[in-house]
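Here are my notes on this entry. Please read them with the structure open.

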Amino acid sequence: MALGAISTCGVAKGSTLSNHAILTANLLNPGSFVRSGNFGALQFRLKEKNSVFRYQICPLFLKEKGSPAPKTLVFAMQKESDESESCSSQSCIEDQMHLENKGGSCDPEVEVSSITLSEAYLSQSAEMLGNQGNLLDKLKAVHLHILAMEQWNASRIQLCHRNYMVSATNLIHYLALKCLDVEQLKEDLSSIGLLNLETINPCVIANLTAGIQMLESLKSYPLSIKENAVGEISNQKSLDEQNKEEFIMDTMRKKASSNMKLLLGPLTDERTTHIMVTVGQEVTESETLITDILKGGATIIRINCAHGNPSIWSEIIRRVRRSSQMLEKPCRILMDLAGPKLRTGNMKAGPCVTKISPKKDAYGNTMLPAQVWLCHKGASSPAGHMSPDAVVCIDSPEFLNKLQLGDTVRFRDARGKKRTLKICKRFPIFGGTAFMAECNRTAYVQSGTELYIKRRKGKYSAGEVVEVPSVEQFVRLKVGDLLIISRDSSIEQDELTEPTVDTYRVTCPSSYLFDSVKPGEPIAFDDGKIWGVIQGTSASEIIVSITHASPRGTKLGPEKSINIPESNIRYEGLTTKDLIDLEFVAAHADMVGISFIRDVRDIVVLRAELEKRKLQNLGIVLKIETRSGFEKLPLLLLEAMKSPNPLGVMIARGDLAVECGWERLGDLQEEILSICSAAHVPVIWATQVLESLVKSGVPTRAELTDVANARRASCIMLNKGRLIVDAVSTLDIILKSNSTKMKAVLKPLVLSSHLF
């Protein structure tokens with residue numbers, strides 16, 4: 001056989017799984033088999049396979065006498081030349097080598113070797129070496145392609161601010177890798193446990209270089225097995241080079257961590273993920289809500305400029321700063337600009353009346369009385385854990401001070417029905433006293449309702465009910481209904497009357513909607529809860545046929561989102577309102593959220609406005625909530641990196657799912673995480689996180705696993721709700737459970753010995 005000297009190995013199984021025999025042989029000398037262990041008469045047949053790799057793959061058939069089935073091994077030998085290999089392949093097809101055990105014990109109970117290796121393992125190891133040459137060439141080609149793309153985009157990288165130069169370069173490397181079809185390469189690298197191309201996003205070139213160095217080191221060593229151990233590859237020079245690469249990877253990881261701290265702030269506890277909470281006007285009505293949220297673990301407060309006004313925002317920020325200082329817990333503020341979002345307009349105000357409803361059983365019998373919070377005008381709302389069924393404000397705080405436990409407050413409700421409230425608990429609050437009362441019968445309380453108490457000495461007036469909020473108006477839409485969207489916001493409508501032709505009407509103040517849509521395009525309302533198809537358009541109206549709603553109808557109220565995913569609506573980057581609000585944000589907030597980013601031009605306009613106001617330290621959060629924003633995310637990041645401002649991305653999953661399709665949301669958020677990881681940009685995971693817990697107090701299983709998946713992001717955002725404090729505390733516990741300290745407390749799982 002015209003083959004170079006190479007060692008191969010064989011494994012002969014005994015009667016039990018624990019018995020193995022190890023053979024080594026030099027193929028130039030078929031009689032030179034060296035025995036390690038005890039084995040019986042063995043028969044070997046050698047066949048040589050042509051291969052495109054640098055190594056020739058030869059299967060080795062091992063057959064124990066008396067056994068009908070041969071055992072197949074694979075080994076690799078280095079190619080000398082294609083011509084000689086072809087000849088040797090033919091000459092050794094039928095070569096057979098026999099080896100007899102002379103004097104060796106064949107006792108199946110005797111352990112023949114201290115190591116346990118299977119044919120599959122040896123076959124895989126030998127084939128791995130045979131594939132190294134091909135893998136190395138492919139990996140080098142990928143490496144060169146990535147470096148070429150870096151040179152091709154050198155001018156784009158040079159435009160980035162020096163703080164983002166390294167991150168922008170790594171993003172280009174990642175995009176260059178993604179544009180290649182490397183699925184087979186991924187499988188080959190993963191199969192030998194060398195490199196996982198799915199997880200190299202934060203430091204692409206360093207990981208590829210390390211993989212190439214390891215393959216080059218492996219290439220210089222033949223497959224060999226030494227006594228009681230598998231041969232190890234050790235190359236001090238290669239290890240030194242790997243240490244340098246690890247330093248580069250470590251530096252880039254530190255860059256990603258630094259970018260997160262610059263935008264979101266440092267974390268003082270063992271958590272690695274921030275908690276952001278969206279708040280609104282309800283914060284100004286409670287003296288303790290912000291404090292409770294920060295105590296629960298929130299580190300960022302978000303204000304949506306689409307709701308409220310500067311006076312409300314100022315009060316929220318004042319309370320946040322005060323509570324943060326008092327608790328000595330750092331807390332940053334993000335303010336989202338409203339952006340060019342399409343929303344339904346305001347509706348005619350409903351009656352100012354609130355319903356008090358006790359809990360009843362299936363027969364209508366009262367099971368639990370309704371809990372009613374009685375307080376003076378302007379007093380804070382009750383703590384979140386109390387959760388009253390209704391809040392009644394009274395214009396006379398003096399009378400409340402005279403109330404005693406056990407008193408009965410009497411009144412006539414909006415229907416003229418006599419009703420009573422029994423005082424059961426007293427609570428000291430800021431600026432006075434509040435009471436919790438019980439009501440055993442359904443009542444409708446409106447502004448101006450007179451309350452009084454009756455004692456032995458006579459009847460005492462308690463004042464009037466004030467500040468009863470108006471009932472939110474809405475239209476209830478069902479499949480088949482027609483909805484007319486009008487441009488004129490002054491149209492008066494009465495949604496509560498029964499329509500004669502199942503036609504309802506809402507308004508939309510944005511002119512973009514009426515100028516761009518076409519018949520036949522789908523349209524969605526309220527984050528996709530309602531879907532329809534546009535039947536007709538005019539300069540002032542759009543007619544929509546409802547195609548999806550709940551069987552009993554779905555409510556559509558004011559200030560609800562409108563999405564037309566297939567329409568090419570041309571929005572302006574920053575609206576006039578956004579520019580006005582930006583002045584307030586720059587003076588009071590730490591970060592500004594840019595809603596509905598669609599194009600690089602939106603970033604150009606934003607950068608110009610920030611430079612005009614000299615706002616180099618204001619954090620920028622790009623909200624990805626449109627198809628265009630997702631598809632152009634790398635370009636948006638590179639454009640934003642031209643400024644020194646701290647940069648982040650929010651996955652706004654509500655509008656994003658509607659715009660791109662529910663079934664694609666999982667892939668979209670994974671891709672956004674990957675791109676931002678490559679760019680060392682922190683990600684905020686938003687929309688419907690623990691929503692059931694916030695609203696009802698009990699999370700769904702899907703929400704809990706969603707949070708576990710969201711731990712890969714830099715920040716998780718919760719939306720406001722009645723039980724937001726409980727949700728923050730729960731999320732804080734989940735995030736801490738993933739910390740190193742918590743994992744150290746958990747004992748390792750041990751399989752019971754009786755199973756074996």
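Predicted model: local features only at pLDDT ≥ 70, side-chain atom pairs only at ≥ 80, totals over all residues.

1. Cysteines. The structure has zero disulfides. Cys508 has a relative accessible area of 0%, so it is buried. Cys715 is buried too, because its relative accessibility is 0%.

2. Main core. The largest nonpolar core has 103 residues. Met335, Leu622 and Leu637 touch the most other members. Helix 17 (residues 665-678) provides the largest share of this core, with seven residues.

3. Leu637. Which residues does Leu637 touch, leaving aside those up to four places away in sequence? They are Leu171, Leu622, Leu647, Val649, Ile675, Ala679 and Val681.

4. Helix 6. This helix runs over residues 204-219, 16 residues in total. From first C-alpha to last, helix 6 reaches 23 Å, close to the 22 Å expected at 1.5 Å a residue. Of its 16 residues, 13 are buried, so helix 6 is largely enclosed by the rest of the structure.

5. Second largest pocket. Its space comes to about 940 Å³. The lining has 36 residues. Pro202, Leu673, Cys676, Ser677 and Arg712 lie nearest the centre. Helix 4 (165-178), helix 5 (183-191), helix 7 (236-264) and helix 17 each supply at least two lining residues. Helix 17 gives the most, with six.

Notes
Residues numbered from 1 in each chain as written. Heavy atoms only, no water. Disulfide = S-S within 2.5 Å. Buried < 20%, exposed > 50% of the residue type's maximum accessible area, 1.4 Å probe, protein only. Core = buried A, V, L, I, M, F, W, Y, C linked by side-chain atoms within 4.5 Å. Helix = DSSP H or I, 4+ residues; strand = E, 2+ residues; numbered from the N terminus. Contact = heavy atoms within 4.5 Å. Expected span 1.5 Å × (residues − 1). 1 Å grid on protein atoms, 1.4 Å probe; cavity = no way out; pocket = protein on both sides within 12 Å on 5 of 7 lines; lining within 4 Å. Points joined across faces, edges and corners; volume = space filled by probe spheres on them.
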